[in-house]
Amino acid sequence: MTPEFKAIEEIVRAAGTMAREAYNDPRKPAYSLKGRQDYLTVTDGAVERFVRSEVERRFPGDAVLGEEDGGAVTGARLWIVDPIDGTANFARQIPHFCISLGLMVDGRLEAGAIYAPMHNELFIAQRGKGAWCNGARMQVSTQTALSASSVEIGWSTRMPTETYMGLIQRSMDAGCSVRRAGSGALGLAYVAAGRSEAYAEAHINAWDVAAGLLLVEEAGGRVNDFWAHGGLSQGNAVLATNAALADELGVLTGIALK
Ligand code: IPD
């Protein structure tokens, strides 16, 4: 096990404990909106500062890109953190949220971890070695029929309503069951775990998907080249699928897979 792989698990677990304690605090931390339907809590900032300090302490000189405090998108070694993905759920007392942390080396993801503290589930992957949920090897689903598949379609105000409705319409017309649970990172982790056949969103940010993309690839699924055309700094569309339905879902969503 590399020091980075050990560290990534330790950091997301400790960050998850912080988030769980804040979630369970009877005073119920207040939330504000950064924009329309764009939630922020004090816990987002506190968890991100903790993750940054842990990375800087353990790996001096490595760069960190985070949802709340931004950061450089250059550097040979870049840690990409979403301190709380599913912030709207967290703020409204819905336990579907997580901490997501990925390590990119020379532009390629090498390790990723997603921890859902209220479910005590750790999803973790290492490039070329595999992906695990709480220690059990993960494999994407083997479902071959869209009419028996579940896909999650993410939404934000960054894209026009019609784009989101179009994805839903085409998926439902093809026979899929469509969900939106409010955490893109967990949506990807669930594809890796075989709980969904796919996750798609017309625009999402790098911190939401860095760890999850590696989880899906290491669990035998397919993903798009999210990092093309400035995905790291500006975000991009995302599609992650099981292998069996990848070609059909690529056509259906209009998001080209690698
Ligand atoms: C959001 C969630 C949501 C996704 C959005 C993200 P946040 O991140 O992952 O599920 O659809 O695109 O912005 O605000 O909860 O960190």
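A polar side-chain atom of Asp82 lies 3.2 Å from an oxygen atom of the ligand, a polar contact being a pair of N or O atoms within 3.5 Å. The model is predicted, with local features needing pLDDT of at least 70 and side-chain atom pairs pLDDT 80 or more, while totals for chains, interfaces and linings use all residues. Residues are numbered from 1 along each chain as its sequence is written, and side-chain values use heavy atoms, without hydrogens or water.

A polar backbone atom of Gly86 is 2.7 Å from an oxygen atom of the ligand, and one of Gly182 is 3.2 Å from a ligand oxygen. On its own the ligand has 380 Å² of accessible area, of which the protein covers 90% (Shrake-Rupley method, 1.4 Å probe).

## The surrounding shell

The ligand is surrounded by 17 residues, each with a heavy atom within 4 Å of it. Asp85, Gly86, Arg158, Gly184 and Glu201 are the closest. By class, the shell holds 4 nonpolar, 7 polar and 6 charged residues; Asp, Glu, Lys and Arg count as charged, and Gly is among the polar ones.

## Position between the domains

Strands β4 (77-85) and β12 (198-204) each give two or more residues to the shell (strands are DSSP runs of E, at least two residues). The ligand lies between domain 1 (3-137) and domain 2 (146-253), because both give residues to the shell. The domain bounds come from an automatic or database assignment.

Terms used
A polar contact is a pair of N or O atoms within 3.5 Å; within protein, one must be able to donate a hydrogen and the other to accept it, and residues adjacent in sequence count only if both atoms are side-chain atoms. Helices (H or I, at least four residues) and strands (E, at least two) are DSSP runs, numbered from the N terminus.
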